[in-house]
Amino acid sequence: QVQLVETGGGLVQPGGSLRLSCAASGSIFSIYSMTWYRQAPGKQRELVATVIREGTTNYADSVKGRFTISRDNAKNTVYLQMNSLKPEDTAIYYCNAHIQKVGGGRVNFYWGQGTQVTVSS
């Protein structure tokens, strides 16, 4: 069984910073990519940032220059450093990972349960 657990969410004032973490555990052979998504009330889920196994990153235009995604492969963990936060960043942030299980074969996407980020004065 593979599980993803997000931590680091909370309440922060506009202009502040938070760092989210997502740790994968279970019968993992390899993680090919890890991605942060977010979903705000009344809006569709959107991609925030992604990192592939070789380190290449991609960001949504709305967070480019403010957010940084990074990974620690030894710990099966991805981070999202969020700076200069805006009220429109308020959402539930979800971690997604493309994972091959021990034994090889199938590669599937797995989701965490989400962590709430609220940016407000």
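**Sheet notes**

I began with E3 and E8, which pair in the antiparallel sense over six bridges. Pairing here takes at least two DSSP bridges between two strands, and the strands are DSSP runs of E with at least two residues, numbered from the N terminus. I'm working from a predicted model, where local features need pLDDT of at least 70 and side-chain atom pairs count only at pLDDT 80 or more, while totals for chains, interfaces and linings use all residues. Residues are numbered from 1 along each chain as its sequence is written, and side-chain values use heavy atoms, with hydrogens and water left out.

I then checked how enclosed strand E8 (residues 77-82) is: five of its six residues are buried, so the rest of the structure largely encloses it. Buried means under 20% relative accessible area, exposed over 50%, and partly exposed in between, with a 1.4 Å probe and protein chains only.

On to E7, which also pairs with E8 in the antiparallel sense over six bridges; serine 70 stands opposite tyrosine 79 there. E7 and E8 make a hairpin with four residues between them, and asparagine 76 in the turn has a positive phi of about 50°.

Next I looked at E1, which pairs with strand E3 (residues 18-26) in the antiparallel sense, again over six bridges. Glutamate 6 has cysteine 22 of E3 as its bridge partner.

Put together, I get an open, antiparallel sheet of four strands in the order E1-E3-E8-E7. Strands E1 (2-7) and E7 (67-72) are at the edges with a single partner strand each, so one side of each has no neighbour in the sheet.

**Aromatic notes**

How many aromatic pairs does a search of the whole structure find? I got one. Ring centres of tyrosine 37 and tryptophan 111 are 5.1 Å apart with planes at 50°, so I logged the pair as tilted. The rule covers rings of Phe, Tyr and Trp (its six-membered ring) with centres within 6.5 Å; planes under 30 degrees apart are stacked, over 60 edge-to-face, and the rest tilted.

Tyrosine 37 sits in strand E4 (residues 28-39) and tryptophan 111 in strand E10 (residues 107-111), so the pair ties together parts 74 residues apart in sequence. Buried or partly exposed, I wondered, for tryptophan 111? Tryptophan 111 is partly exposed at 38% relative accessibility, and tyrosine 37 is buried at 17%.
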